[in-house]
Amino acid sequence: MTPAQDIFYFSKGLPGFEELHGFYLQQHNELFSLLSAVDKPDVSFITVNPFDFHTDYEFKLTEQITDELGIRDESQVAVRCIVTWHSQRSLTTVNLLAPIIFNAEKHTGKQIILQNTPYTTKHSLWNTTGSDGKGGEG
């Protein structure tokens, strides 16, 4: 059983899983974590801190999002992005278009979709070419 303080509440669920509101974020190792639905543990996502892989990744949270999540200070914010794992490591991708925003103090979360951005749902996770990792299919 996961302690209540480790559960994040998503008022509208995640896209495609709107009926699920409680998720816990469990650190797997220094790079990867697992976001799992409390009521349906088989709904789990591998996630990463995108800034660990793409140091130039940036976006601005709207006032609507900060209000919805009760964010008053940058120190409250944690960001994770969903990874699509591939058996061939170089084909593993990360969704930079739809980051998951957490208020670490209030234990609220929301997946947002960035607008007017070059980011996609399939950036190469491993930036091995020296490029910025942007651009589609890896």
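Predicted model: local features only at pLDDT ≥ 70, side-chain atom pairs only at ≥ 80, totals over all residues.
The protein chain has 138 residues, and 41% of them count as buried. One helix and nine strands make up its secondary-structure elements. Read from the N terminus, these elements follow the order β-β-β-β-α-β-β-β-β-β.

Aromatic rings were considered next. The structure contains eleven aromatic pairs. One of them joins Phe8 and Phe102, whose ring centres are 4.8 Å apart. The planes of these two rings meet at 65 degrees; edge-to-face pairs are those with planes over 60 degrees apart, so this pair is edge-to-face. Phe8 belongs to strand 1 (residues 7-9), while Phe102 belongs to strand 7 (residues 100-103). The pair therefore ties together parts that lie 94 residues apart in sequence. Phe8 and Phe102 are both buried. Under 20% relative accessible area is the cut-off for that class. The two residues also take part in a cluster. Ring pairs link Phe8 and Phe102 with Phe10 and Phe23 in this group.

A charged group also meets a ring. The charged end of Arg89 sits over the ring of Trp126. The distance from this charged end to the centre of the Trp126 ring is 3.7 Å.

Methods:
Residues numbered from 1 in each chain as written. Heavy atoms only, no water. Phe/Tyr/Trp six-rings, centres within 6.5 Å; stacked < 30°, edge-to-face > 60°. Helix = DSSP H or I, 4+ residues; strand = E, 2+ residues; numbered from the N terminus. Buried < 20%, exposed > 50% of the residue type's maximum accessible area, 1.4 Å probe, protein only. Lys NZ or Arg CZ within 6 Å of the ring centre and 35° of its normal.
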